[in-house]
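Visitor: Could you take me on a close look at the part of this model around the ligand? I'd like to hear what lines it and how the annotated positions sit there.

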Amino acid sequence: MTTTRLPIVGQQPAAPAPAKKARRPRHPKWLRVPMPGGQAYSELKKRVNELNLHTVCQSASCPNIGECWNNKALTIMILGEICTRSCRFCDVATGRPLPVDEEEPRRVATILAELELNHTVITSVDRDDLKDGGASIWAATLEACHTLAPWMTIEVLVPDFKGQLADVDAVLAANPDVFAHNLETVPRLSREVRVQARYDRSYAVLRHAREAGALTKTGIMLGLGEELDEVREVITELGQLGLTILTLGQYLQPSKKHLPVARYVHPDEFAALAEFAREAGIAHIESGPLVRSSYHAEGQAELIQRMQQLDAYGRVGFASLQ
Ligand code: SF4
C-alpha cells in the first residue's frame with residue numbers, strides 16, 4: 001500500500017537552503033604561516049610609518065612579513081605606493097602616482113643605516129608617468145645608502161623602464177651590488193600575467209645588465225598555469241645568460257580580482273627545479289613555496305662579495321658606465 005503525505009494546513013513549504021558561497025581553496029599545509037607579530041616586527045612597522053616609507057612586504061601582502069621583519073629584513077619600495085601598471089598577480093595599488101618625493105632617498109638610507117643591515121633589497125613601483133621611469137630617484141637612493149650605510153650591499157629590484165636602456169644604465173652607474181628584474185612567468189603567459197610588460201623586453205633588460213658586468217637576479221612564480229618544461233626552458237636560457245641568482249616561489253592569489261592559482265606546486269618539485277637550475281649553471285637558487293624575490297636575500301651577501309672578487313664585477317666595474 002502506498003501512502004500520500006498530505007500537507008499540514010498552515011505549514012509553509014520549507015525554504016530552500018541558502019546557496020553556499022564559493023570558497024577559495026585552502027592553502028596546503030606547507031603554505032600556512034603564523035600571523036605576524038612580535039616586538040621587532042612592531043618596532044619596524046612603527047619606524048617605517050614615522051619615516052613615511054613604503055614596503056613591498058606590506059603593499060604586496062607578503063606571507064613572510066612576520067618572519068622577515070622579526071629578522072629586520074624588509075624590502076623598501078621607493079617612488080611611492082601607487083603603480084602605473086596593473087599586473088594581474090600583484091596586490092600593489094594601480095593608479096595615478098603622487099609627485100616624486102625628492103626627500104625619499106635620504107629617508108630610505110636613514111632607516112637602512114639604523115637597522116645596520118649587511119644586505120638589503122630595494123624595489124619600486126612602475127613609474128611609466130616619469131620620463132626616466134624613476135631612474136634618477138633610483139640613483140639618488142643608491143647614493144644616499146652608500147653614504148649613510150657604506151658597509152651594506154644592495155640589491156635593486158627594478159622595473160623594465162619600458163626597455164629604455166639609458167635608464168637601466170643610470171641605475172647601474174650608481175653601483176648596486178645585485179641588479180634584479182623579475183621575469184615573473186614563462187613567455188607564453190607573460191602578457192596575461194603582466195599586462196603592460198613583455199617577456200622579451202624584460203629579458204633584454206637582464207641581458208643588458210649582465211653584459212654591463214652586473215651580478216643579475218630574476219624571479220619566477222609557479223602555479224599560474226605554466227608547464228614544467230616551459231620553466232626548464234627559461235632556466236636553461238638564464239643559465240646561458242650567466243644569471244647569478246634565481247628565485248622560484250608559489251603564486252598566491254591576493255584577492256578575487258587577481259588571477260586564480262592554477263595549482264599548488266609541491267615542495268619536492270621546487271627542490272627538483274633548484275637542482276635543475278644548479279646544473280644549468282646558476283650559482284644561487286632560492287626555490288620553495290614561500291620564496292619571494294627578496295626572501296632570505298640577506299643570506300646572499302657573502303656570495304655577492306665572493307662573486308664580485310671572483311669576477312671583478314661590482315662597484316668598480318659599474319663605475320665605467322658613468
Ligand atoms: S619575502 Fe621580501 S617582500 Fe616578503 S616580507 Fe620578506 S622581505 Fe618583505
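**Around the ligand**

Guide: Let's start at S294, which sits in the loop between β7 (284-287) and α11 (301-311). Keep in mind that this is a predicted model. S294 counts as buried because it has 28 C-beta neighbours inside 10 Å, and the cut-off is 20 or more. Setting aside its neighbours within four places in sequence, S294 is in contact with T75, V121 and L157.

One of those partners, T75, also belongs to the ligand's surroundings, as does S294 itself.

Now for the annotation. An unreviewed UniProt entry lists C57, C62, C68 and S294 under "binding site". Those positions are spread over 238 residues of sequence, yet they cluster in space, with a largest C-alpha distance of 10.4 Å.

You'll find C62 in the loop between α2 and α3. C62 is buried, since 25 other C-beta atoms lie within 10 Å. Not counting residues up to four places away in sequence, C62 touches V56, C57 and R292.

Note on methods. Residues are numbered from 1 along each chain as its sequence is written. This is a predicted model: local features need pLDDT of at least 70, side-chain atom pairs count only at pLDDT 80 or more; totals for chains, interfaces and linings use all residues. A residue is near a molecule or strand if its C-beta atom, placed from the backbone, lies within 6 Å of it. UniProt positions are given in the numbering used here, feature names are shortened, and annotations may be inferred rather than shown by experiment. Helices (H or I, at least four residues) and strands (E, at least two) are DSSP runs, numbered from the N terminus. A residue is buried if 20 or more other C-beta atoms lie within 10 Å of its own, exposed if 12 or fewer, and partly exposed in between; C-beta atoms are placed from the backbone. Two residues are in contact if their C-beta atoms, placed from the backbone, lie within 7 Å.
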